Amino acid sequence: MQILIIPLGFILWYFAYEAKPINNDEATCLWEEENYVKRTKLLNILKESF
């Protein structure tokens, strides 16, 4: 059962992370690269789990 729950949790976490509103200010520019790295790491984890 845990084999199904953990990948499902990552998928739901990814959708919630993508649905965050984006504010166009100076802080957004500073954090944009870090968010890109986090998203690519998460996508790599999802690809490895399938």
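Colleague: Where is phenylalanine 15 placed?

Modeller: Phenylalanine 15 sits in helix α1, residues 2-18. Helices (H or I, at least four residues) and strands (E, at least two) are DSSP runs, numbered from the N terminus. This is a predicted model, in which local features need pLDDT of at least 70 and side-chain atom pairs count only at pLDDT 80 or more, while totals for chains, interfaces and linings use all residues. Residues are numbered from 1 along each chain as its sequence is written, and side-chain values use heavy atoms, with hydrogens and water left out.

Colleague: Is phenylalanine 15 buried or exposed?

Modeller: Phenylalanine 15 counts as exposed, because its relative accessibility is 53%. Buried means under 20% relative accessible area, exposed over 50%, and partly exposed in between (1.4 Å probe, protein chains only).

Colleague: Which aromatic pair does phenylalanine 15 form?

Modeller: I'll take the pairs in order. A search of the whole structure finds two aromatic pairs. In one of them, the rings of phenylalanine 10 and tryptophan 13 have centres 6.1 Å apart and planes at 45°, so that pair is tilted. Rings of Phe, Tyr and Trp (its six-membered ring) pair if their centres lie within 6.5 Å; planes under 30 degrees apart count as stacked, over 60 as edge-to-face and the rest as tilted. Phenylalanine 10 and tryptophan 13 are both in helix α1, three residues apart, about one turn of the helix. Phenylalanine 15 pairs with tyrosine 14, also tilted, at 6.1 Å centre to centre and 55° between the planes.

Colleague: Why does tyrosine 14 count as buried?

Modeller: Tyrosine 14 counts as buried because its relative accessibility is 18%.

Colleague: Different topic. How many salt bridges does a search of the whole structure find?

Modeller: The search finds one. Glutamate 34 and lysine 38 meet through their side chains, 3.5 Å from N to O. A salt bridge is a side-chain nitrogen of Lys or Arg within 4 Å of a carboxyl oxygen of Asp or Glu.

Colleague: Where are glutamate 34 and lysine 38 in the chain?

Modeller: Glutamate 34 and lysine 38 are four residues apart in helix α2 (residues 26-49), so about one helical turn separates them. Glutamate 34 is partly exposed at 35% relative accessibility, and lysine 38 is partly exposed at 43%.

Colleague: And overall, how many helices and strands are in the chain?

Modeller: The chain has two helices and zero strands. Of its 50 residues, 10% are buried.
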